[in-house]
Every structure is written in C-alpha cells, then in structure tokens.
Amino acid sequence: MSTTSIHFHYSPHNKLHLRQRFNSVTKSCDVRVTTLAISTGVQQVLPPPLTSTSPPPSLFDGTTRLYISYKCPYAQRVWITRNTKGLQDKIQLVPIDLQDRPSWYKDKVHPTNKVPSLEHNNEVRGESLDLIKYIDTHFEGPSLYPSGHDDKEFAEELLSYTDTFYKTVVSYFKGDVTEAGTAFDYLETVLSKYDHGPFFLGQFSLVDIAYAPFMERFQPFLMDVKNYDITVGRPRLTAWIEGINNIEGYKITRSDPKELVESYKKRFLANP
C-alpha cells in the first residue's frame, strides 16, 4: 500500500454552497444513532454513516474532519490515533457508508473516493500511515512516535512491514500459501527488542496502532476458519494483544468479532 500523501487545496471555486453544519447533516440524514458494542462492554453512540442521500457538512469552514468507515481497518488506524491523542473535540468524526457513498465525497473532498482522509487547514490528506504521523506531529496530546534515531529507524522498519504482513496472512486465507506463521513469528521476534513494556517500542506508539486493526480481524478469523490460535507458542504476541486491548483509544473503535469474521468469510472464502 502506498504511503504517499495526496493534498488538495481549497479554492472558492470548489467550495460547496451547502452550509449545514455536521450536526444538522446527521439529523437530516437519519434520526437514528449507531451504537458500537464491543466485547469489553464499552459502548459509545456514534453518528450514522453518511450515504448517497446525505448532504455534506459545511466543507472547508475551519473545522477539522476525519472521514472514515467504521469497518475499514485503515481508517481505524487514524481513528485510534485521534482518540489516543485526546482529540475527540478537535477532530470531528465523519463516517461514510462505503456501499452507498455520497457523490460529494469524491467530487469535493477526496478524489480517490477512499477513506481515511483528513480535512485540516483547507487541505485534504489521505493514506493511513501518513495520517497517523501527521496527526501525531500537528496536534496536541502525548507523542506516539520515538524521537531517537535508532528507535525511529526501528519504527519505520516495522511500519514498512505492515503491508507484507497483511499480504502474507491474506494469502494464507486464500490458500495461496500453506502457512501464515512466519508473519506472526516475525512479530514475536521484534516484540523482544524492548523489555519496558508489551508493545513494539516498549511504550504504546503508532506502530501498535498500525497493526492493531488487522490483528483484531486476523485473530478471530483464523481461529474460526482454520482453528489456528496465533498466540500459541508466542508469549510476547499474547502480551501485546492483552496490552492493546487495554488501550482506551483502541477499545472504543473495535467491532463485534463475529461481524468481522462473517465479513472476512464473504470477502476471502470461495463460494461453494
């Protein structure tokens, strides 16, 4: 997956004339709310995803907006970063229904028509790994990335591996490779580098955020479909999973594991 940022500058010619605030948008598009109940018992009331019939928020009005899908792991990375930095009041969450996307999102917000994207300072940026770094450096809150040269180099190595990790495990789903264990063994090995915490860099960081959404999906799917427990023989990975599940900013983004498994079955398993 490319990590090149895409920037789109605002000009008066591309500004939408609809001036409704986001609160008005959510009220007009649907009076219901979405409640995300997760295995930890944490619940939150979330705005309903915007659809093809939803009017847009008042774009480029100085409000910082994070456009996501609740089910997209790449968008979840940025959502977790926002929460962990304590930016819920600074960055407005705008969920998009990817099955029924509003046309204005592609036309006026993000021409790639993908999520996540971030509207900030009259620009729209994309790509999840770029966005988590951007939010970490451009907004207040605890730093989630190392400052030391060696630590930063190691972090970059781990972030670069996320694409290989994903492709290896998904190939196993599809039957293209016989074993996905090498990918999890790699994580077990790199988790041994630091001993002052259960996370990749010892302390919780953007690296953990980059992997968390995919581990959330891979672990229950592999157990359900392959009867493969990724934690067996991997104590450091087990401790990492326990640690990540205690991060508040992550917990409130989690989906129902059963829904994730069913979604992956439809996506990756051949129809009979």
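A: Here is a tour that begins with the whole chain and then settles on the core.

First, some ground rules. This is a predicted model, so local features need pLDDT of at least 70 and side-chain atom pairs count only at pLDDT 80 or more, while totals for chains, interfaces and linings use all residues. Residues are numbered from 1 along each chain as its sequence is written, and side-chain values use heavy atoms, with hydrogens and water left out.

The protein chain has 10 helices and 7 strands; these are DSSP runs numbered from the N terminus, with helices being H or I of at least four residues and strands being E of at least two. Of its 272 residues, 49% count as buried. Buried means under 20% relative accessible area, exposed means over 50%, and partly exposed is in between, using a 1.4 Å probe and protein chains only. Contacts here mean heavy atoms within 4.5 Å. Among the chain's contacts with a separation of 6 or more, 71% join residues 24 or more positions apart.

Now for the core itself. A nonpolar core is a set of buried Ala, Val, Leu, Ile, Met, Phe, Trp, Tyr and Cys residues joined through side-chain atoms within 4.5 Å. The largest one holds 76 residues, and the members that touch the most others are Phe 165, Phe 184, Tyr 211, Phe 218 and Trp 240. It takes at least three residues from each of domain 1 (65-138) and domain 2 (149-269), with bounds that come from an automatic or database domain assignment.

Let's zoom in on Phe 218. Setting aside residues up to four places away in sequence, Phe 218 touches Phe 165, Tyr 166, Val 169, Val 170, Phe 173, Phe 184 and Tyr 264. One of those, Phe 184, is also a buried residue of helix α6 (residues 181-190), along with Gly 181, Ala 183, Leu 187, Glu 188 and Val 190. The buried residues of α6 pack against α5 (149-174), α7 (206-226) and α8 (235-244).

Rings also pair up with each other. Rings of Phe, Tyr and Trp (its six-membered ring) pair if their centres lie within 6.5 Å; planes under 30 degrees apart count as stacked, over 60 as edge-to-face and the rest as tilted. The whole structure has 24 such aromatic pairs. Tyr 70 and Trp 79 make a tilted one, 5.5 Å centre to centre with 45° between the planes. Tyr 70 counts as buried because its relative accessible area is 12%, and Trp 79 is buried too, at 2%. Two of the residues touching Phe 218 also pair up: Phe 173 and Tyr 264 are edge-to-face, 5.8 Å centre to centre with 70° between the planes. That pair links distant parts of the chain, with Phe 173 in helix α5 and Tyr 264 in helix α10 (residues 257-268), 91 residues apart. Phe 173 is buried at 3% relative accessible area, and Tyr 264 is buried at 5%.

Helix α5 also holds Thr 162, which counts as buried because its relative accessibility is 7%. Leaving out residues up to four places away in sequence, Thr 162 touches Arg 77, Leu 129, Ala 210 and Tyr 211.
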